[in-house]
Amino acid sequence: MNHDRRGELREELAPFIGERVVSLLEQTLAGELAETPDVTEAEALLLDWARSGGVLDDESQERFERTFTPRLRELLGEFVAA
C-alpha cells in the first residue's frame with residue numbers, strides 16, 4: 001500500500017464525500033468495519049462497493065455510476081488500489 005498516495009487521495013476525496021466517510025472507507029478496506037454504521041444510502045453503496053472489491057451486481061453498479069461522477073469514481077478506484 002502506498003501510504004503517501006493514499007494520503008493525497010484522502011485529501012482529494014474528503015471535500016466530495018467527507019472526512020467521516022473517507023475514514024469509514026479506510027476501515028472497510030482494512031477489514032475493520034464489520035457492520036455498516038448509520039450511513040446514507042449513497043454511503044452504504046460506497047462501502048458495499050469497497051467491500052466487494054469494486055464488483056457489484058448490475059443494479060447496484062448502475063446506482064453507483066449514477067451516484068458518483070466519473071472523476072469521483074476514478075479517485076475512489078485509485079484510493080482502493082493505493
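User: In which helix does phenylalanine 79 lie?

Analyst: Helices are DSSP runs of H or I with at least four residues, numbered from the N terminus. Phenylalanine 79 lies in helix H5. This is a predicted model, in which local features need pLDDT of at least 70, side-chain atom pairs count only at pLDDT 80 or more, and totals for chains, interfaces and linings use all residues. Residues are numbered from 1 along each chain as its sequence is written, and side-chain values use heavy atoms, with hydrogens and water left out.

User: Is phenylalanine 79 buried or exposed?

Analyst: Buried means under 20% relative accessible area, exposed over 50%, and partly exposed in between (1.4 Å probe, protein chains only). Phenylalanine 79 has 0% relative accessibility and therefore counts as buried.

User: Which residues is phenylalanine 79 in contact with, leaving aside its neighbours within four places in sequence?

Analyst: Contact means heavy atoms within 4.5 Å. With those neighbours left aside, the contacts of phenylalanine 79 include Leu9, Leu13, Val22 and Leu25. The C-alpha atoms of phenylalanine 79 and leucine 25 are separated by 9.3 Å, although the two residues are 54 residues apart along the chain.

User: Where does threonine 28 lie, and is threonine 28 buried or exposed?

Analyst: Threonine 28 belongs to helix H2 (residues 19-29) and is buried, with a relative accessible area of 8%. Beyond its neighbours within four places in sequence, its contacts are Leu33, Leu47, Ala50 and Arg51.

User: Which residues are buried in helix H3?

Analyst: In helix H3 (residues 41-51), the buried residues are Glu43, Leu45, Leu46, Leu47, Trp49 and Ala50. These buried residues pack against helix H1 (3-17), H2, H4 and helix H5 (70-81).

Methods:
Helix = DSSP H or I, 4+ residues; strand = E, 2+ residues; numbered from the N terminus.
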